[in-house]
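Hi,

Here is the structure I promised to pass on. Have a look at it first, and my notes follow below.

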Amino acid sequence: MQPTSAFAQLVDSINDKVTHISIEQFQADDKWVLIDVREDHEWLQGHLPNAKHLGKGIIERDIETRFPDKSTPLLLYCGGGHRSSLAAYNIQLMGYTQIGSLVGGFKTWVQHQFPVVQD
């Protein structure tokens with residue numbers, strides 16, 4: 001789904017405030033806890049290996065319970081990178097200090113033909 005122009009403008013307005021991590025950077029650094037912020041039905045269709053699931057609709061509510069240490073390195077991803085950027089920005093506002101958004105998200109991961117887990 002293509003983002004609406006207002007949605008794209010919103011993402012653009014925060015993009016320079018979010019750390020963007022490429023797939024290559026992620027693969028070269030094993031410090032990251034990977035979090036899928038996509039909807040439940042997207043997660044069930046396939047997700048990255050070792051990823052945790054906290055959908056965009058609940059992540060801000062549940063992040064402190066799941067990851068109480070605000071210095072935990074968290075790398076968020078979604079379908080293409082927009083929702084994960086917004087979630088990463090919000091989590092930073094909540095005091096988390098090592099947050100990133102995976103560039104290109106799930107779509108780019110699949111395009112590279114990297115492994116996908118299906119539940």
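**Around L74**

Leaving aside neighbours within four places in sequence, L74 is in contact (heavy atoms within 4.5 Å) with W32, V33, I35, I63, F67, Y96, Q98, I99 and G100. Apart from the core that holds L74 lies another one, of 13 residues, with I23, L34, L75 and W109 among them.

Before you read on: this is a predicted model, where local features need pLDDT of at least 70 and side-chain atom pairs pLDDT 80 or more, while totals for chains, interfaces and linings use all residues. Numbering runs from 1 along each chain as its sequence is written, and side-chain values use heavy atoms, with hydrogens and water left out.

A nonpolar core here is a set of buried Ala, Val, Leu, Ile, Met, Phe, Trp, Tyr and Cys residues joined through side-chain atoms within 4.5 Å; buried means under 20% relative accessible area, with a 1.4 Å probe and protein chains only. The largest one has 18 residues, and I35, I59, I63, L74 and L76 touch the most other members. Helix 1 (5-14), helix 4 (59-66), strand 4 (74-77) and helix 5 (82-93) each give it two or more residues. Helix 5 supplies the largest share, 4 residues.

Of the 119 residues, 41% count as buried. Among contacts between residues at least 6 apart in sequence, 71% join residues at least 24 apart.

Cheers

Conventions. Buried < 20%, exposed > 50% of the residue type's maximum accessible area, 1.4 Å probe, protein only.
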